[in-house]
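Please look over the sequence and the model shown here before reading on. The text then walks through selected parts of the fold.

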Amino acid sequence: MNGVYIHIPFCKQKCAYCDFVSFADKERLTDAYLDALENEMALCTGEKADTIFIGGGTPSILKPNQISRLTKAVFDNFDIAKDCEFTTEANPGTLDEAKMTAMLEGGINRISVGVQSFNDAELKKIGRIHDAETAYNTILSLKKTGFNNINLDLMTALPSQTMDSLKNTLKTAVSLPVTHISAYSLIIEDGTPLEKEYSKGTLALPTEDEDREMYSYTIDFLTRNGFNQYEISNFAKKGYECRHNIKYWTFEPYIGLGVAAHSFDGESRAYNTDNLEEYLSGSEKQTIPLTQKDKISEFIITGLRMNKGISAEKFRQLFGEDIENIYGFELIKFMNLGLIKKDGDRYSLTRKGIDVSNSVLCEFV
Ligand code: SF4
C-alpha cells in the first residue's frame, strides 16, 4: 500500500528559520493550485493508499470549501483503505471551527499542529504568526471538535531558549489532549533571516552542549509522561505512532503530489518542480532511478532513525547480500563504541548513539 503526501505551499508569513518550499504572498493562487493537484491525482486513479498526509506550507490556510474539495479529490481518485490514517498539518492562527469541521467531514482523522514552543518570546524570535495562548486554545478546540489523534510539533535549541523555558513548554504540551509529539532541534538553514543574524554573530543560540542536554531532557520527560520515543525526533502514546512517516523510515512506497513533492517506489525517486508557476502550468515529474548503493544507504540511514532499527534479514531479502558484508567495519566500530546494539536480527542505535546520531548516520552514506 502507498502513502500519499500532498504539499500545500502557502503560508501567512515566512518563519525566520524556514527553507521549505512555501510562499507567503501567493494565497490568491490556491484555487489554481487545487486544479493542478486534481490533474496530478487523476494520473493516480485507482492507486491503493493506506496513509495520506497533507503537509506544507500551511494546509490550514485553505478555506473550508477548498479543504472539502481537496479531501473529495483524494477519495475520488485513490483506492483508500478502510483504516486509512489521514493527517493534515495545521498552524495555530489559521484554524477556525468551519475548517476543523470540513477536515473531519472530509475524512481527516489526525492533525499535526505546528506549535514549536509555548514561550511567546521564542515564538516571536522565530517569526511564528501565533502566540502560546492561541496554540494552547487551538489544541483544546481541535479536541472539542472531534479530533482524537493530535500531534504537536515542538522545537528545541531555539534562540534565547533555556532549560527552564523548555521544561515549561514540555509540561504544557503533555497537559494537553495530544497523542503524539515531535521535537526537532532548530537547524540554521542557509539564506534564512536567522542565518543572517547568526552570521553577524547577533543570534543568542544555546550551545551544542545545551542543545544535547535539551534533547536528552526531552526524551526522558516525554517517556516519563507516556510518550514513547519510536524515532529520533518522534514520541507517541501506545498505538499512535505516525503510520505515514514510518513509511519514509522503512523503505515503503509513497506518492508525492504538489510542488516540490517527491515519490518513491522502491526503485526510483520522482520529483515535481519546486517552481510554483511551472507546477501550475502542468510540468512533468523528473524520475531518477536509484542505484543499489543509493537504496542501501537510504535503507540504513532512514531505518536507523527508528528505535527498533533495521532487520538484517529484511536487508538480505531486499538487497541479496548480508549487511555485515557491506557495513561490517562500521557496525563493529559503532558497537564497540556503544553507539549501535544488536538485538536478534536487528541493529539499532543505543541511547548514546541517538545523542550523536548525525555523526553515526553520516558514516553509512
Ligand atoms: S509555517 Fe511552516 S512552512 Fe510556513 S513558513 Fe513557517 S515553518 Fe515554513
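The paragraphs below take up strands, helices, single residues and backbone angles in turn.

This is a predicted model, in which local features need pLDDT of at least 70 and side-chain atom pairs count only at pLDDT 80 or more, while totals for chains, interfaces and linings use all residues. Residues are numbered from 1 along each chain as its sequence is written, and side-chain values use heavy atoms, with hydrogens and water left out.

Start with strands S5 and S6. Helices (H or I, at least four residues) and strands (E, at least two) are DSSP runs, numbered from the N terminus. Two strands pair if DSSP finds at least two bridges between them. Strand S5 (residues 150-156) and strand S6 (residues 180-185) run parallel and are joined by six bridges. Between S5 and S6 the chain passes through helix H6 (residues 163-175), and this β-α-β crossover is right-handed. A crossover has that hand if, with the strands pointing away from the viewer, the path from the first strand over the helix to the second runs clockwise. His180 has Ala236 in S8 as its bridge partner.

Another parallel pairing involves strand S1 (residues 2-8) and strand S9, with four bridges between them. Ile6 stands opposite Leu257 in S9. In a regular strand the side chains alternate between the two faces of the sheet. Which residues lie on the two sides of S9? Tyr254 and Gly256 are on one side of this strand (residues 254-257), Ile255 and Leu257 are on the other, and all are buried, so both faces of S9 are covered. Buried means under 20% relative accessible area, exposed means over 50%, and partly exposed lies in between (1.4 Å probe, protein chains only).

Phe251 is not a glycine, yet its phi is positive, at about 65 degrees. With a relative accessible area of 11%, Phe251 is buried. Gln116, in strand S4 (residues 110-116), also has a positive phi, near 70 degrees, in a residue other than glycine. Gln116 has a relative accessible area of 8%, so this residue counts as buried.

The loop between helix H3 (97-105) and S4 contains Gly107. Is Gly107 buried or partly exposed? Its relative accessibility is 27%, and therefore Gly107 counts as partly exposed. Leaving aside neighbours within four places in sequence, Gly107 is in contact (heavy atoms within 4.5 Å) with Phe75 and Phe86. Gly107 and Phe75 are 32 residues apart along the chain, and their C-alpha atoms are separated by 8.9 Å.

Helix H2 (residues 64-77) holds Ile67. Ile67 counts as buried because its relative accessibility is 4%. Apart from neighbours within four places in sequence, Ile67 is in contact with Leu62, Lys99, Ala102 and Met103. Gln286 lies 219 residues from Ile67 along the chain, and the C-alpha atoms of the two are separated by 28 Å. The loop between strand S2 (48-56) and H2 includes Gly57. The peptide bond from Gly56 to Gly57 is cis, with omega near 20 degrees.

Next, consider a pair of helices. Helix H11 (residues 292-303) and helix H12 (residues 312-319) pack with their axes 12 Å apart, at an angle of about 160 degrees. Axes are lines fitted to C-alpha atoms, for helices over the stretch in contact, and angles run from 0 to 180 degrees between N-to-C directions. H11 and H12 are therefore roughly antiparallel to each other, a term for angles over 145 degrees. The contact is made by Gln292, Lys295, Ile296, Phe299 and Ile300 of H11 together with Lys314, Phe315, Leu318 and Phe319 of H12.

Finally, three strands form an open sheet in the order S13-S15-S14, with antiparallel pairing. Strand S13 (310-311) and strand S14 (340-343) are the edge strands, each pairing on one side only. S14 is joined to strand S15 (residues 346-349) by four bridges, and the two run antiparallel. In this pairing Ile340 stands opposite Leu349 of S15.

Technical notes. Angles under 35 degrees count as roughly parallel, over 145 as roughly antiparallel, 65 to 115 as roughly perpendicular and the rest as oblique.
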